[in-house]
Amino acid sequence: MSEFPLKDPAPADDAADAEPRPGRIRKPIGWSMIVIAVLVAVSAALVYRRDGVVGLLEILTHDLALFGGILPRVLAGCLLGAFIAEILPHEKVSRSLGPNSGLKGLLIGTAFGAILPGGPFTAYPVASALLAVGADFGATIAMVVSWTLIGYGRAVAWELPIMGTDFTLWRIVISLPLPVLAGALGRFVYVRMYPKAAE
């Protein structure tokens, strides 16, 4: 009888361990935001000095229009990542793409990245969702590098018509091992930099 109460806390501990990962939201103001804000302020001062208020307002209105066009895609991508994190079974993802998945996990990540449609508004939220549900750095790096180098959507829509079949096929063949190598290196570095998290 005493064993049952001991077994129950284990899933709760797992849930407690799993909770911080999806909820680990980046702070809106960090060192990168401060650097960008300083660069924006310096650039704005230079534009103001050269073009005055008119030049500043022209850039600002153009950027606001661009932001308005991008915002729905960013929102859709973030929602997609959140839904995927809720839908995907954590145990299966951890088994297939986790730190103990070996070469198989890197190959699955590479294949998934190669067939993943859409632009960065889709790819990065999906990658973040995979990390949240148990994929390790290596498999996720393999997925992102594969999406960048091999992504069939861009190859079919842009590369084949412009560069031709021979160039596209050879470029893909030569790129095939790179996501796996990048994922293996990412896994190697992550285990050494964050040994407790890797355990």
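**Helix packing and salt bridges in a predicted model**

Helix H8 crosses helix H11 in a right-handed sense.

H8 covers residues 137-149 and H11 covers residues 177-193. Their axes lie 7 Å apart, at an angle of about 150°. That angle makes the two helices roughly antiparallel, because anything over 145 degrees counts as such.

Now the residues at this contact. H8 contributes Phe-137, Gly-138, Ala-139, Ile-141, Ala-142, Val-145, Ser-146 and Leu-149. On the H11 side they meet Leu-178, Pro-179, Ala-182, Gly-183, Gly-186, Arg-187 and Tyr-190. Sorted by class, the contact has ten nonpolar residues, four polar ones and one charged one.

Let me step back to the whole chain. How many helices and how many strands does it have? The secondary structure comes to twelve helices and zero strands. The chain has 199 residues, and 26% of them are buried. Take the contacts between residues at least 6 apart in sequence: 72% of these join residues at least 24 apart.

Next, the salt bridges. Side chains of opposite charge can pair when their charged atoms come close. The structure holds three such bridges.

One is between Arg-187 and Asp-136, at 2.6 Å from N to O. The two residues come from distant parts of the chain, 51 residues apart: Arg-187 is in H11, and Asp-136 is in the loop between helix H7 (120-132) and H8. Are these residues buried or exposed? Arg-187 has 13% relative accessibility and counts as buried. Asp-136 is buried as well, at 7%. The cut-off for buried is under 20%.

Asp-136 has other contacts too. Setting aside residues up to four places away in sequence, it touches Leu-97, Gly-98, Pro-99, Leu-131 and Arg-187.

Another salt bridge joins the side chains of Glu-159 and Arg-171, with N and O 2.5 Å apart. This pair also links distant parts of the chain: Glu-159 sits in helix H9 (residues 152-163) and Arg-171 in helix H10 (residues 165-175), twelve residues apart. Both Glu-159 and Arg-171 are buried.

The remaining one is between Arg-50 and Asp-51, where the closest N and O atoms are 2.9 Å apart. What is the accessibility of Arg-50? The value is 67%, so Arg-50 counts as exposed. Asp-51 is partly exposed, with a relative accessible area of 37%.

I will finish with Val-93, in helix H5 (residues 90-97). At 8% relative accessibility, Val-93 is buried. Which residues does Val-93 contact, leaving aside neighbours within four places in sequence? They are Leu-88, Gly-98, Leu-130, Val-133, Gly-134 and Ala-135. Gly-98 was also on the contact list of Asp-136. Leu-131 was on that list as well, and the C-alpha atom of Leu-131 is 9.4 Å from that of Val-93, though the two residues are 38 apart along the chain.

How values were computed: Residues are numbered from 1 along each chain as its sequence is written. This is a predicted model: local features need pLDDT of at least 70, side-chain atom pairs count only at pLDDT 80 or more; totals for chains, interfaces and linings use all residues. Side-chain values use heavy atoms; hydrogens and water are left out. Axes are lines fitted to C-alpha atoms, for helices over the stretch in contact, and angles run from 0 to 180 degrees between N-to-C directions. Helices (H or I, at least four residues) and strands (E, at least two) are DSSP runs, numbered from the N terminus. Angles under 35 degrees count as roughly parallel, over 145 as roughly antiparallel, 65 to 115 as roughly perpendicular and the rest as oblique. A crossing is left-handed if the near helix is turned anticlockwise from the far one by less than a right angle, and right-handed if clockwise. Contact means heavy atoms within 4.5 Å. Ala, Val, Leu, Ile, Met, Phe, Trp, Tyr, Cys and Pro count as nonpolar, Asp, Glu, Lys and Arg as charged, and the others, Gly among them, as polar. A salt bridge is a side-chain nitrogen of Lys or Arg within 4 Å of a carboxyl oxygen of Asp or Glu. Buried means under 20% relative accessible area, exposed over 50%, partly exposed in between (1.4 Å probe, protein chains only).
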